[in-house]
Amino acid sequence: MILKKIKENPIVKKLGFNRIVLTGVLILMYVILSCLVNNFAGMPRVMSALNYAYFLGFLSLGVTFVIATGGIDFSIGPVMFCCALISGYSLTSHGVPMGLSLIISIVVGVIFGAFNGYLVAYQKVPPFIVSMASMNIAKGVASVFTKTQSVSWPQAAKGGWFRYFVKVGKVPVGIIVFFAVAIACSILLNHTKAGRYMLSLGSNREAVRLSGVDVKKWEMLAYVICGLLVGIAAIYFVGAYTTVQPGYGDQYNNEAIAGCVMGGTSMAGGLASIGGTVIGVFIIALLQEGILALGFTKDYQLIITGIIVICAVYADVMARRRRN
Amino acid sequence: MGEVILQMKDIDKSFPGVHALDHVSFSVEKGEVHALMGENGAGKSTLMKVLTGIYTKDSGTITYEGKEVEFHNAREAQAAGVVIVHQELNMVGHLNVAQNIFIGREFKKGIKIDDKKMIEESRKLFEKLNIDIDPTATMSDLTVGKQQMCEIAKAISHDAKVIIFDEPTAALTEAEIQDLFKIIRDLREQQLGIVYISHRMDEIKVITDRVTVMRDGCYVGTLITKDCTKDDIVNMMVGRVIYEEPKTKSMVSEDAPVVLKVEHLNAGKMVQDVSFELHKGEILGFSGLMGAGRTETARAIFGADPKESGDIYVNGEKVVINSPEDAVKAGIGYLSEDRKRFGIVVQKTIAENTTMANLSEFMKGIFINKKKEKKIAKELADSLATKMPSVDELVVNLSGGNQQKVVIAKWLCKNCDILIFDEPTRGIDVGAKNEIYKLMNKLASEGKSIIMISSEMTEILRMSDRIVVMCEGKKTGELRIEETTQEKIMNFATRDVG
């Protein structure tokens, strides 16, 4: 009863009950980890978690659009690596200027997004299959292009000025960029025609089509936007971790999707929250930092994010069942 | 009249905020067909769900075969002999008929399923019921009518003593309805108690012995069917007379301008060489039986499904329509028979649904002008008398009639001059039905032109200025309302088109 009253409070309603709870979880996690781990509260740890949150955040924002249309994209992680490898290899081995390399990264992401989107929207191939296939294509293409070598991006002092997008000295500039992009995404999703149609077609594609809307175009656009954000994610990945190796990236699919569904975006489509995704991403990033700080291996992170995805989707299924 | 086999007494059931059943009593005798009527939300379904244990009653007693009982789920009720034949059939399409009938209690031979015996048993069952269905046929190949017969056979095979039919004729053709009635009469002969839930007044008069009417969760009364008139029943249902007389004269002159002309339209088996004209301000009824190809014709015109050939003219000009987008641009709006699937986006608000077809008009640069959107949606909702807390309400929370109004608002917002209403009042209760009718008349008088596909004869006769009748994908007749009789329509609708 009290819970219901809280939920119906206008301020709570506006902010979203789910998002408030998630924010609480995030703060609680931070407090607990700070108590358990020496110096966890300090800047180095926080910066490290932020580095993780940036690239994962862009991936998660991207996939939010796809999931909003009722689709799914399991290629984002490997495509991100593909973007970073192709652009990085162009930079280091072909002498392509830095600025152009960054653009190449984004273009590669957009091409993959358009490829997935075209097959899903126009050719009606199930998104699950399409993205599974393009995940392998992305890995393969990256390996072929780089002759299976890893690529290291230059340090800030040696021409790697793109790193200033991540941080300048000790100032985490990345967070400003990330929030700016997230706000742009939120506006796109909630205040433009594209967002309106993406969400609507995710909820009831046929009804939107029969309203005279070109649903294929808008559905494809969601994948293209996702690709664009994956391209940006790649830049933030190398900005934080410098080196990329071909053949990896799968694990970030799950983490990005976890951040998204945890934030209240429904896997069934039609419901999406950018704000939720942002908080979800921070939780995942803090979690990974915490797990490492507590001395566990990365494997535990896999287990926990897997469980988070299942729980979040299960909660969504239950909520929909109750509504019906 | 036989002895009472089932007696529900003083049944009370509340859900949070709703008193769904207010001390309702209801009884069924052996060898009678007892109609249960009432508007949507009157409590019929709730009562039947309490009976079969899907809901638990708050108070009251159920006496079945002289003993007080309380079923905890549908399976228990079924085992005791109380079975519901649902509106939506619960059949597994790719299994055969016999496998469906014995699903969940298959005969076994060792660990193998004994298909042969199931087929044999099904055959016996069908013989007993005088049903002509091959037990080895695949379920999905059967017509809806035949599938329903299987459902009934399944109920009988459970040794049912009380069978509840929930809107059994909603998806049946006239011939199938007659077959169903024959079976129901047979069952009555065999001293079963039958509960018959339906909105179709004509059927109630034909098939039932008694009628119990419910309204707003209360028991209103029980009548002997042959001693009462339709109006008596309707009055009990709504507390007022609602059925208007059929239209006898069209107010649209024959030389009113033609706004839509369809010539030699072909789209698969269901649309063969269909041609007709729609005049300005007219309601053109499309009559015919289920599967006559009326919806398919509408969808082909609207570009929702591909067409093979045929020309469409809007206001005298030829238009190419290959997608709903083209149709909407040409000023055509389509209101589907299946609102939930094709009409509304339930997770979006009333305002968002209203502007769905015309969002371009609500843009301020790249942003949606939500203020204007809400304002227009509010105006439209007010003019349609949509009952809602606000335009920010999600459409999922509205009743069927109000959802239909939201769909209408969507097309009015787009300012479509040609509206295709496909079964505009399906699943809408009697009171709201009347409102939709009034609205359609108002729209027509304002110069909109309407195509109304309807399977209800009364609706066709009451609303149409002219009537096109279809049968098996072909147009078989066209009538002006002045010359129309039910018999004429039926004649065209069942005509042997060879």
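**Figure 1. Strand E6 of chain B, covered on both faces.** In this predicted model, strand E6 (residues 82–85) of chain B has both of its faces covered. B:Val82 and B:Ile84 lie on one side, B:Val83 and B:Val85 lie on the other, and all four are buried. Strand E6 of chain B runs parallel to strand E9 (residues 162–166) of chain B, and four bridges join the two. Within this pairing, B:Val85 is found opposite B:Phe165 of E9(B).

**Figure 2. The two domains of chain B.** The domain assignment divides chain B into domain 1, residues 4–238, and domain 2, residues 258–493. A distance of 34 Å separates the C-alpha centres of domain 1 and domain 2 of chain B.

**Figure 3. A four-stranded open sheet in chain B.** The sheet has the strand order E14-E13-E16-E17 in chain B, with antiparallel pairing. Strand E14 (271–279) and strand E17 (317–319) of chain B are its edge strands, each pairing on one side only. From one strand to the next, the twist averages 20 degrees. Strands of a sheet pair through backbone hydrogen bonds, in either a parallel or an antiparallel manner.

**Figure 4. Strand E13 of chain B and its two partners.** Strand E13 (residues 258–267) of chain B pairs with E14(B) in the antiparallel sense, over six bridges. B:Val258 has B:His279 of E14(B) as its bridge partner. E13(B) and E14(B) form a hairpin with three residues between them, and B:Gly268 in the turn has a positive phi of about 70 degrees. E13(B) is also joined to E16(B) by five bridges, and these two strands run antiparallel. Here B:Lys261 stands opposite B:Tyr313 of E16(B).

**Figure 5. Helix H9 of chain B across the sheet.** Helix H9 (residues 294–302) of chain B lies across E13, E14 and strand E16 (309–314) of chain B. The helix runs at about 110 degrees to E13(B).

**Figure 6. B:Ile418 and its surroundings.** B:Ile418 belongs to strand E21 (residues 418–422) of chain B. B:Ile418 counts as buried because it has 23 C-beta neighbours inside 10 Å, where 20 or more are required. Leaving aside neighbours within four places in sequence, the contacts of B:Ile418 are B:Val259, B:Leu260, B:Leu278, B:Gly331, B:Ile332 and B:Ser449. B:Ile418 and B:Asp227 are 191 residues apart in sequence and 45 Å apart in space, C-alpha to C-alpha.

**Figure 7. The contact between chains A and B.** On the chain A side, 18 residues are in contact with 24 residues of chain B. Helix H9 (residues 193–209) of chain A supplies the largest share of the chain A side, with nine residues. By class, the side of chain A that touches chain B comprises five nonpolar, eight polar and five charged residues.

**Figure 8. B:Leu359, a buried loop residue in contact with chain A.** B:Leu359 is located in the loop between helix H12 (350–354) and strand E19 (363–364) of chain B. B:Leu359 counts as buried because 21 C-beta neighbours lie inside 10 Å. Apart from neighbours within four places in sequence, B:Leu359 is in contact with A:Lys193, A:Arg196 and B:Ile368. From C-alpha to C-alpha, B:Leu359 and B:Glu393 are 19 Å apart in space, and in sequence they are 34 residues apart.

**Figure 9. Nonpolar cores.** The largest nonpolar core has 181 residues, of which A:Leu59, A:Met80 and A:Ala233 touch the most other members. Helix H10 (residues 215–241) of chain A gives the most to this core, with 18 residues. Not counting residues up to four places away in sequence, A:Ala233 touches A:Phe55, A:Phe58, A:Leu59 and A:Met80. Another core, of 66 residues, lies apart from the largest one and includes B:Ile101, B:Ala155, B:Leu180 and B:Ile194.

**Figure 10. Two exposed loop residues with positive phi.** A:Lys147 is placed in the loop between helix H7 (127–145) and strand E1 (151–152) of chain A. Phi of A:Lys147 is near 50 degrees, a positive value in a residue other than glycine. A:Lys147 counts as exposed because it has 9 C-beta neighbours inside 10 Å. B:Asn130 is placed in the loop between helix H4 (115–129) and helix H5 (144–157) of chain B. B:Asn130 is not a glycine, yet its phi is positive, at about 60 degrees. With 10 other C-beta atoms within 10 Å, B:Asn130 is exposed.

Key:
Residues are numbered from 1 along each chain as its sequence is written. Chains are lettered from A and ligands numbered from 1 in the order in which they are written. This is a predicted model: local features need pLDDT of at least 70, side-chain atom pairs count only at pLDDT 80 or more; totals for chains, interfaces and linings use all residues. Domain bounds come from an automatic or database domain assignment. Two strands pair if DSSP finds at least two bridges between them. Axes are lines fitted to C-alpha atoms, for helices over the stretch in contact, and angles run from 0 to 180 degrees between N-to-C directions. Two residues are in contact if their C-beta atoms, placed from the backbone, lie within 7 Å. Ala, Val, Leu, Ile, Met, Phe, Trp, Tyr, Cys and Pro count as nonpolar, Asp, Glu, Lys and Arg as charged, and the others, Gly among them, as polar. A nonpolar core is a set of buried Ala, Val, Leu, Ile, Met, Phe, Trp, Tyr and Cys residues joined through C-beta atoms within 7 Å. A residue is buried if 20 or more other C-beta atoms lie within 10 Å of its own, exposed if 12 or fewer, and partly exposed in between; C-beta atoms are placed from the backbone.
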